[in-house]
Each structure stands twice: as C-alpha cells, then as structure tokens.
Amino acid sequence: MKRYTPREKFIIALEGGQPSGRLPHFELVFYLTMEAFGKVHPQHRCFSQWHQMSQRERESQIRDVAQLYIQIARQYEHSAIYIHPPYCEGCSGQELIRMIAADVRELSGDEFFLCAPGDATYSIPSGDEMMDFIGKISDDPQGVKDEAEKMVDAALAQGEKYRIRGGFDGFCLCADYCFNDNPFLSPGMFDEYVTPYLKRLISGYREMGFYAIKHTDGNIMPILDSLIETDPHALHSLDPQGGVDIAEVKRICGDKICLIGNVNCGLLQTGSEEEAAASARYSLKHGMPGGGYIFSTSNCIYTGLDLHRYEMILDIWRSKGNYPE
C-alpha cells in the first residue's frame, strides 16, 4: 500500500477524501516556539536592519525561519505549514513569504502543504473603525462594494505572482466575520458586501490551481450556507465557543466541504484536562466519518496556552484519529 506524505494526506482530506492511516493535523499558527524550542516565533521577529544586511545575512535569517517552520511541523506532525512573515523594514511581507517558502521547499521537498495569507474581504472592524464602516455602508454602499472589488483584484494579482514563482499549494483566508453570538453583518448584508467578493476570490484562486481554506472564528451558523456557496475547499475553525457543533456542520455540509477544527481552545487554556480531552474526542468522533476532516483546534496554539494541554490532545489524536490502512 502506498505511504502518503503529510502533504498528500492533507490534499486528500481537502478534496473530501479519507486518507489511510493517521488523520491529517494542522494548526493555523503554533506560537509556543519559545516553550518548545527556545526560539522566537517568526511572526514575532523584526528584521529592522534588513536594508543594512548583506545578502548572506538575509539568506541566513530566512533559512532560520524556514527551519523553524519545518521543526514545528515535524515535531507536532502538522501536514501543512501556514507561513507568516516576520516584520520587516524595507521589504514586503509577500516577498518574505515567497523567500521562506522557497527555503522550506528546498529543505523538505514536498513533505508539507504550504499556504500563505490570501484573504481580501471585509472582516470585523476594530472598535475604532466600526462606526466609520457603518457610516460608509449607510452613506456610500456602492463605494463600499467598489472597494471590495479592488481588494479582490489586488489579492488575485498577488496570487498570480505566487503561482508564477511556485512552491505554494494554497491560501488561508483569515478575515474573521463572526463574534461568539452572531456575524458582524446580518446574513442579508453579508450576502451583499462579502459573499460575492469571497466567491470571486476563491474562484480566482481555484483557476490558478490553488486550494482555499476559509477561516473565521465565532458563530458562523447564520451565514453557513453563504460560506458554502463561495466554494472554499475547507472551513476552519468551527468554533465551539461560538456555538458551532461539528456534528451539526458535518450533517449539513460534510459532503460538500472539508472541515478543520472544533477542538475547544478555551478549554485547552482554562478548562479541566478532562474537558479538553472530551472536546478532542468529540471532534474526532464527529469529524472523521466519511473523510473530509482535518484535526485542529478551534483557533491556534496561541501565546499563554499550556503546551502540555496541546501535547495531551495530540496523544488523543494519535490514539483515536486513525483510518484503516
């Protein structure tokens, strides 16, 4: 029987299939690199002297970041790597992402699925921006739509650069749409100001040969049908703190889309070990049947979360998250 690479298993799941053996695993971000490896996470680094570095120094910095991403993936059996660039004065984040990805590919080949940030739709505005956004929708709805079109155009142009240079498998679309109670826009307004633009963005990525993983925290249930309509390959993070039950989502759309997540991050941080373990088992029980599921927490492995708790749910995944060989 063929032995699949982590990348191949991830793609099988994204396409709705059931890979043999261990269920794929992925975390959007693993921030606990200091606790695990004594190293600062790439997203928390600052290349403030980039313009003063020699080419050799730049290559060394990029190589160190790439090696850390691979170390995370191999240590915790991630099938995919979502590349976040360090902050850099004098260079673009997109260029850094491409450079890091090239090194990851050189060092690990096709072992891992590589993805980059790629959303270009309206997300929950910050508190300072919320009233301005509401005012714009009220005073100039067409202007808001025109801006949405421009954002998608820019993202697709950037996606074309990723396609030409190669190395990437897809994008994580990380605009958050929902609070724990409800989406930040009513379902009707969401279908007016987000759905058509998200659909065009995903369609464009698909035409380029990329996979698209749509992430949003919170209660997605009022807009679940709209999200499915936009045709991403997968939905992440299926947030139980927002009332999202993976059993219900699997029933509604598990034959249409890959599901990623649902292990309760809040319980990993503040619940008992028994509660955290139960959440992991519940996600596996209801996500795995029929394939099209990737094991993951409901957000990411964030700063302040207990590394032991994460390692505990991985032990459950290794024990319970296996399909027949």
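The following exercises, with worked solutions, concern a predicted model.

**Exercise 1. Cysteine pairing**

Determine how many disulfides the whole structure holds, and which residues form a disulfide.

Solution. 
1. The criterion is a pair of cysteine sulfur atoms within 2.5 Å.
2. The sulfur atoms of Cys 88 and Cys 91 lie 2.0 Å apart, so this pair meets the criterion of 2.5 Å.
3. The angle about the S-S bond of this link is 135°, and the link is right-handed.
4. For Cys 46, the nearest cysteine sulfur belongs to Cys 88, at 7.9 Å, and Cys 46 is in no disulfide.
5. For Cys 174, the nearest cysteine sulfur is that of Cys 172, 5.3 Å away; Cys 174 is likewise in no disulfide.

**Exercise 2. The largest pocket**

Describe the volume and the lining of the largest pocket.

Solution. 
1. The volume is about 420 Å³.
2. Among the 23 lining residues, Arg 3, Tyr 4, Pro 6, Lys 9 and Arg 22 are the closest to the centre of the pocket.
3. Elements α1 (6-14), β1 (21-22) and α3 each give two or more residues to the lining.
4. By class, the lining comprises 8 nonpolar, 7 polar and 8 charged residues.

Conventions: Residues are numbered from 1 along each chain as its sequence is written. This is a predicted model: local features need pLDDT of at least 70, side-chain atom pairs count only at pLDDT 80 or more; totals for chains, interfaces and linings use all residues. Side-chain values use heavy atoms; hydrogens and water are left out. On a 1 Å grid over the protein atoms alone, a cavity is a set of points where a 1.4 Å probe fits but cannot get out, and a pocket is an open set with protein on both sides within 12 Å along at least five of seven lines; lining residues have an atom within 4 Å of a point. Grid points are joined across faces, edges and corners, and a volume is the space filled by probe spheres set on the points. Helices (H or I, at least four residues) and strands (E, at least two) are DSSP runs, numbered from the N terminus. Ala, Val, Leu, Ile, Met, Phe, Trp, Tyr, Cys and Pro count as nonpolar, Asp, Glu, Lys and Arg as charged, and the others, Gly among them, as polar.
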